[in-house]
Amino acid sequence: MTLSEYKMFINGLWVDAQNGARFDSLNPANGEPWASFPHAQEADVNAAVDAAQKAFENPAWRNLHATARGKLLRKLGDLIATKQTQLAQLETNDNGKLIRETKGQIGYMPEFFYYYAGQADKLEGQTLPLDKTDMFAYTTHEPLGVVAAIIPWNSPMYLTAVKLAPALAAGNTVVLKPSEHASATILELMHLVQKAGFPDGVVNVVTGLGVDTGSALTKHPLVRRIAFTGGGEGAKSVIKNSAENLAQVSLELGGKSPNIIFEDADIGSAVNGVIAGIFAASGQSCVAGSRLLVQDTVYDEFLTALKTRAASIIIGDPLDPTSEMGPMATQTQLTLVERMVATAIAQGAELIHGGKRAAVAGDGWYFEPTILAVNDNQCSIMQEEVFGPVASIMRFKDEAEALALANDTEFGLAAGIWTRDNARVHRMSKAVQAGIIWVNTYRAVSPMGAIGGYKASGYGRESGIDGVKDYTQLKTVWINTSSEPMADPFVMR
Ligand code: TXE
C-alpha cells in the first residue's frame with residue numbers, strides 16, 4: 001500500500017525534517033501504516049519557533065488591528081466548513097474515531113473560530129479608579145508571544161481549535177505539535193490557514209514524538225505559553241520543561257468522572273447519557289463518565305437497561321456510518337485497556353458485559369463495550385483512568401454517600417448528575433469537585449462553556465469567555481496628569 005507522505009508546515013512552507021527522519025501512522029481499523037510524517041528534531045523545532053517569533057514581531061501581524069484578526073479567524077471557520085467531510089475522513093483514518101463522530105465534531109469546529117473571532121476586538125482594558133488624584137492609569141491585554149500547543153490523538157481538530165482560536169484572537173503566534181498517532185488533519189488545516197490569509201509563520205506545525213519533538217518545543221526559550229492536552233506523565237514533563245523558559249502553562253488532563261444516577265432519575269434518559277459518556281469515542285475521551293454511581297433502589301433496573309443497550313452496540317469499521325463504536329486509536333491503548341480489565345477482575349470486580357477484544361474482521365484494535373460491577377471505590381478500576389470503553393458501576397445508599405464516592409478520586413474533570421429533584425441538583429452541583437457538571441445530560445460542549453479540571457485533571461480552562469484572556473498578559477500604564485514637575489525624591493518637603 002502506498003503511504004500518504006506528509007510534510008510539516010514551518011514559516012508558510014511545506015518541509016521535511018532537516019535530517020530526513022520520518023515516522024508512520026497506523027490505521028486503527030486494520031493496524032496498517034497509511035501515512036508517514038516528518039519526525040521533527042530540535043533543529044526543526046527551533047526553525048518553527050524562530051518563524052513564530054519573527055511573525056510575532058512582524059508588523060504584518062503585530063500591527064494588524066484586532067477586528068482584522070477576527071476577520072481572518074472567521075474566514076478560517078468558513079473554510080473548515082467547506083472541508084468538513086474530507087477532514088472527517090482523514091481524522092477517522094488516523095485515529096479510528098467513528099466517521100459520524102468526526103463529522104459531527106468537525107462540523108461544529110467553525111463555531112469555535114467564529115466565537116473567538118468575535119472576541120478579538122472585545123479584549124477591553126480598564127481605566128483604574130486610582131487613589132491618587134494626579135495620576136491616570138489604564139490596562140491593556142497584550143499577546144504573550146509564541147504559544148506551543150500540544151495536541152493528543154483522541155480529538156485532534158477539536159483540541160486544536162480550542163487552543164488555536166483564542167491564541168490567534170489575542171494576537172499570539174503558534175507552533176502546534178499534534179500527536180504522533182494523529183497528525184494528518186492538523187497539517188491539512190494548515191492549507192486552510194494559508195488560504196485564509198494568515199501571514200507566514202503565524203501558525204506552524206511540527207510533527208514528531210512527545211519525548212523529543214514535544215520536549216524540544218516546550219523547553220524552547222522563546223515559547224511564552226504552553227497549552228497541553230494529554231496524559232499525566234507528559235504533563236509532568238511539560239511542567240519541568242516550562243521551568244526552563246518560565247512559560248505559562250495550561251493542562252487539560254484526563255479524569256475518572258462519576259455519572260451519578262439517583263432513584264428519581266428518568267432511567268431511560270440516564271442510560272442514554274451514560275452510554276454517550278463512556279462508549280462514545282470508544283471511551284477515549286477526557287470527560288468519559290467512567291464511574292457509574294447508582295442508588296441501590298434503582299440499581300438492578302438501571303444495570304439491566306444499560307447491559308441491554310451495551311449488548312446492542314454495533315462495533316465496526318469507523319468509516320461505516322452505521323457503526324456505533326470503533327477501534328482503540330493505538331495498539332498500546334488496546335493492550336492497556338485489556339490489562340486494566342484483567343486487573344479489575346483479579347481484584348474482585350464482576351464482569352457484567354464485554355471484557356475482551358471485539359470480533360471484527362481484520363486486524364483492527366477493537367474492544368467490546370465493557371461493564372464491571374464493583375463494591376470498593378478504592379479498587380484500581382474506580383481510581384485510574386482507562387481511556388477505553390470500560391464503565392465500572394457501584395451502588396450507593398443516599399446523597400451523602402453518592403457525594404463522598406464522587407469526590408473520592410484524585411481527578412476532577414467532569415461529573416453527571418441524574419435526578420428530578422431541583423434542590424438536589426443545586427446541592428450536588430455545588431459539592432461535587434469537578435470543573436464541569438452536567439445535569440440530566442452528558443458531554444455537552446460549546447465554545448461558550450469552559451472546559452478544565454479540578455485536582456489532578458489539570459489547571460487552566462479552554463473555551464469560554466475567559467479563554468482568550470489566558471493567552472494575554474495584562475499591562476498597566478500610569479500617567480502623571482499633574483502640571484507640577486516631578487519632585488526630587490531625595491529632597492524632603
Ligand atoms: O498521551 P500523551 P498518551 C491520557 C489517557 C491515556 C494516557 C496516555 O489516559 O491512556 O493519557 O496517552 C505529547 N513533552 N490521555 O501517551 O503521551 C504527545 O506527543 C511534550 C488523556 O497518548 O500525553 C502528544 O502530542 N509533549 C487525554 C500529546 O503530548 C509530550 C488525551 C499527548 O500524548 C511529551 C490523551 C513531553 N514530554 C491521553 N510527552 C485527554 N485529556 O483528553 C508526550 N507529549
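A: Here is a tour of the helix packing, with a few loop residues and cysteines at the end.

Bear in mind that this is a predicted model, where local features need pLDDT of at least 70, side-chain atom pairs count only at pLDDT 80 or more, and totals for chains, interfaces and linings use all residues. Residues are numbered from 1 along each chain as its sequence is written, and side-chain values use heavy atoms, with hydrogens and water left out.

Start with helix 3 (residues 66-82) and helix 5 (residues 99-120), whose axes sit 8 Å apart at an angle of about 175°. Helices here are DSSP runs of H or I with at least four residues, strands are E runs of at least two, and both are numbered from the N terminus. Axes are lines fitted to C-alpha atoms, for helices over the stretch in contact, and angles run from 0 to 180 degrees between N-to-C directions. The angle therefore makes helix 3 roughly antiparallel to helix 5 (under 35 degrees is roughly parallel, over 145 roughly antiparallel, 65 to 115 roughly perpendicular, the rest oblique). On the helix 3 side, the contact (heavy atoms within 4.5 Å) includes Leu73, Leu76 and Ile80, and on the helix 5 side it includes Ile106, Met109 and Phe113. By class, that contact has 13 nonpolar, two polar and three charged residues. Nonpolar covers Ala, Val, Leu, Ile, Met, Phe, Trp, Tyr, Cys and Pro, charged covers Asp, Glu, Lys and Arg, and the others, Gly among them, are polar.

Next up are helix 4 (residues 84-95) and helix 7 (residues 184-196), with axes that come within 8 Å and cross at roughly 155°. Helix 4 and helix 7 are therefore roughly antiparallel to each other too. Here Gln86, Leu87, Leu90, Glu91 and Asp94 of helix 4 meet Ala184, Thr185, Glu188 and Leu192 of helix 7. This contact divides into four nonpolar, two polar and three charged residues.

Helix 8 (residues 210-218) has the buried residues Thr213, Gly214, Ser215, Ala216, Leu217 and Thr218. Buried means under 20% relative accessible area, exposed over 50%, and partly exposed in between, using a 1.4 Å probe and protein chains only. Those buried residues pack against helix 1 (42-57), strand 7 (146-150), strand 8 (173-177), strand 10 and helix 9. Gly231 sits in the loop between strand 10 (223-229) and helix 9 (232-245), and at 41% relative accessibility it is partly exposed.

Helix 10 (residues 267-278) has end C-alpha atoms 16 Å apart, which agrees with the 16 Å that its 12 residues should span at 1.5 Å a residue (the expected span is 1.5 Å times one less than the number of residues). Its buried residues include Ile267, Val271, Val274 and Ile278. The buried residues of helix 10 pack against strands 12, 13, 16 and 17 and helix 11.

In the loop between helix 13 (380-383) and strand 16 you'll find Phe387, which has a positive phi of about 60° although it is not a glycine. Phe387 is buried, at 15% relative accessible area.

As for the cysteines, Cys286 is buried at 15% relative accessible area, and Cys379 is buried at 12%. A search of the whole structure turns up zero disulfides, counted as pairs of cysteine sulfur atoms within 2.5 Å.
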